[in-house]
Amino acid sequence: MADSRVAIVTGAARGIGAATAKRLAADGFAVAVIDLDEKSCADTVSAIEADGGKALAVGCDVSDAEQVQAAVDRIATELGGPTVLVNNAGVIRDNMLFKMTEDDWDTVMGVHLRGAFLMSRAVQKHMVEAKWGRIVNLSSTSALGNRGQANYSTAKAGLQGLTKTLAIELGKFGVTANAIAPGFIATDMTRATAERVGMEFEEFTKAAAASIPVARVGQPEDIANTVSFFVDERSGFVSGQVIYVAGGPKA
């Protein structure tokens with residue numbers, strides 16, 4: 001792999017995004033660490049640099065087209081043209097359908113779906129020019145349906161459709177597109193879900209592990225490892241796929 005390859009990870013201040021950014025840096029990529037607040041990316045960037053890697057913190061609202069283009073332009077200038085994109089940025093606004101507001105719906109769609117579209121559109125130019133690229137979209141087992149998540153489930157299912165279409169459109173340029181659908185991963189987001197249902201996080205994870213065949217919940221590094229596989233030079237014949245990383249079969 002060329003030393004100049006640049007990866008972008010959105011939502012990389014913490015959780016799955018931070019673990020993925022660190023893993024890609026360890027794999028030899030220069031990594032642009034994107035999150036809503038540039039300052040929140042400092043810990044991820046510091047960890048990468050402490051291990052001898054190269055990283056750049058970038059503040060960006062991925063649902064804002066102008067901010068996305070400005071971020072990608074800055075990354076191309078400061079690190080080089082990005083050829084790996086991990087669309088991980090996400091939010092939850094869980095509620096039952098009858099209590100879900102238009103803002104709850106629009107916010108989740110904006111970050112997950114519009115964000116992945118805008119980032120992919122902005123970055124594909126650099127991939128096509130390089131005749132090599134990797135796009136990885138973060139879906140979820142919630143794409144199969146999940147109580148209290150009409151917005152999130154719809155967005156995550158939509159990302160699978162986007163992934164398959166990108167794979168078809170960009171394949172002839174040496175670009176692959178794949179999706180990862182995590183199951184229960186121990187992150188701030190699942191901690192917020194535990195609070196929503198009124199459970200202690202330890203109790204919540206223990207209950208979740210009881211229904212997972214491998215008898216444990218996932219860690220952010222489990223997802224980062226799968227991203228590493230998808231973006232590897234040797235994975236060029238794998239495209240348009242959705243892999244459920246959930247400790248057992250889901251679909």
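Tutor: Let's start at Ala215, which sits in the loop between helix 7 and helix 8 (220-231). Helices here are DSSP runs of H or I with at least four residues, strands are runs of E with at least two, and both are numbered from the N terminus. Keep in mind that this is a predicted model, where local features need pLDDT of at least 70, side-chain atom pairs count only at pLDDT 80 or more, and totals for chains, interfaces and linings use all residues. Residues are numbered from 1 along each chain as its sequence is written, and side-chain values use heavy atoms, with hydrogens and water left out.

Ala215 is not a glycine, and yet its phi is positive, near 65°. Ala215 counts as exposed because its relative accessible area is 57%; the cut-offs are over 50% for exposed, under 20% for buried and partly exposed in between, using a 1.4 Å probe and protein chains only.

Helix 7 covers residues 201-210 and holds Phe204, whose partner Phe184 lies in the loop between strand 6 (175-182) and helix 6 (188-196). The structure has 2 aromatic pairs, and Phe184 with Phe204 is one of them: a tilted pair, 5.4 Å centre to centre, with 55° between the planes. To count as a pair, rings of Phe, Tyr or Trp (its six-membered ring) need centres within 6.5 Å; planes under 30 degrees apart are stacked, over 60 edge-to-face, and the rest tilted. Phe184 and Phe204 are 20 residues apart, so the pair links distant parts of the chain.

Phe229 is partly exposed because its relative accessibility is 41%, whereas Phe230, at 2%, counts as buried.

Lys131 belongs to the loop between helix 4 (102-130) and strand 5, and at 64% relative accessibility it counts as exposed.

Gly145 is partly exposed, at 47% relative accessibility. Its C-alpha atom is 8.8 Å from that of Ala157, which is 12 residues away along the chain. Helix 5 itself contains Gln160, a buried residue with 13% relative accessible area. Apart from neighbours within four places in sequence, Gln160 touches Ser139, Ser140, Ala143, Ala181, Val242 and Tyr244, where contact means heavy atoms within 4.5 Å.

Finally, zoom out. The protein chain has 8 helices and 7 strands, and 51% of its 251 residues are buried. Among contacts between residues at least 6 apart in sequence, 70% join residues at least 24 apart. The C-alpha trace spans about 45 × 35 × 35 Å along its principal axes. A compact globule with 251 residues would have a radius of gyration near 18 Å, and the chain's 17 Å agrees with that; the radius is taken over C-alpha atoms, and the globule rule is 2.2 Å times the number of residues to the power 0.38.
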